[in-house]
Amino acid sequence: HGADYPQNLPKIWQAHFAHLHSAGYAVITGEFGSRYDNEEIPGSVAWQDAWIAFMVATGQTDFFYWALNGNTGQIAGILQDDWLTPDPKVMAALSPLLKE
C-alpha cells in the first residue's frame with residue numbers, strides 16, 4: 001500500500017481516469033466494493049472511505065456497487081447474508097453518495 005496509503009490514492013485516481021470528469025465527460029464508477037471489514041481484508045475500510053470521499057469531492061457520485069447480495073465471499077454486498085437486511089456499515093459508508 002505504501003507509507004502514505006490511503007492519502008496517495010486521489011492523485012492516482014485523478015491521473016488515471018478522474019481527469020475525464022474534469023474535462024466534462026460523463027464518468028460512472030462501473031463497480032466498487034469490498035467487505036467493509038479490515039479483519040478479513042486489511043485496508044478495505046480505508047480504501048472505500050477514501051474512494052467515497054474522492055467521489056463526493058469531485059462530484060462523481062454515480063456508481064454501481066458490488067454487490068447487492070452479502071454472501072459473495074470476500075466481496076460482501078449491500079445486503080447481509082440473509083439477502084434481506086441492509087448492512088448498516090455499508091449503508092453508512094455509502095450515505096454521502098445517496099443524497100440528492
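## Basis of the description

Contact here means heavy atoms within 4.5 Å. Helices (H or I, at least four residues) and strands (E, at least two) are DSSP runs, numbered from the N terminus. The model is predicted, so local features need pLDDT of at least 70 and side-chain atom pairs count only at pLDDT 80 or more, while totals for chains, interfaces and linings use all residues. Residues are numbered from 1 along each chain as its sequence is written, and side-chain values use heavy atoms, with hydrogens and water left out.

## Helix H1

The buried residues of H1 pack against H2. Leu9, Trp13 and Ala18 are the residues of H1 that are buried, where buried means under 20% relative accessible area, exposed over 50%, and partly exposed in between (1.4 Å probe, protein chains only).

The end C-alpha atoms of H1 are only 17 Å apart, whereas a straight helix of 14 residues would span 20 Å at 1.5 Å a residue; the expected span is 1.5 Å times one less than the number of residues. H1 also has a kink of about 65°, centred on alanine 15, the bend at a residue being the angle between axes fitted to the seven residues ending there and the seven starting there. Glycine 24 follows H1 and has a positive phi, near 100°.

## Helix H2

H2 has 15 residues, and the distance from its first C-alpha to its last is 21 Å, close to the 21 Å expected at 1.5 Å a residue. Its buried residues are Ser44, Val45, Gln48, Ala50, Trp51, Ile52, Phe54 and Met55. These buried residues pack against H1, strand E1 (29-32), E2 and H3. Just after H2, glycine 59 adopts a positive phi of about 75°.

## Aromatic pairs

Ten aromatic pairs are found in a search of the whole structure. Rings of Phe, Tyr and Trp (its six-membered ring) pair if their centres lie within 6.5 Å; planes under 30 degrees apart count as stacked, over 60 as edge-to-face and the rest as tilted. Tryptophan 13 and phenylalanine 54 form a tilted pair, with 5.3 Å centre to centre and 55° between the planes. Because tryptophan 13 lies in helix H1 (residues 9-22) and phenylalanine 54 in helix H2 (residues 44-58), the pair ties together parts that are 41 residues apart in sequence.

Both tryptophan 13 and phenylalanine 54 are buried. They belong to one aromatic cluster formed by Trp13, Phe17, Phe32, Trp47, Trp51, Phe54, Phe63 and Tyr65.

## Loop residues

Glutamine 60 is placed in the loop between H2 and strand E2 (63-65). Its relative accessibility is 5%, so glutamine 60 counts as buried. The side chain of glutamine 60 makes a polar contact of 2.8 Å with the side chain of threonine 58. A polar contact is a pair of N or O atoms within 3.5 Å; within protein, one must be able to donate a hydrogen and the other to accept it, and residues adjacent in sequence count only if both atoms are side-chain atoms. Apart from neighbours within four places in sequence, glutamine 60 is in contact with Ala18, His21, Val27, Phe54 and Met55.

Asparagine 69 is located in the loop between E2 and H3. With a relative accessible area of 18%, asparagine 69 is buried. Not counting residues up to four places away in sequence, asparagine 69 touches Ala76, Gly77, Leu79 and Trp83.

## Lysine 89 in helix H3

Lysine 89 lies in helix H3 (residues 88-94) and counts as partly exposed, at 45% relative accessibility. Its C-alpha atom is separated by 13 Å from that of alanine 46, 43 residues apart along the chain.
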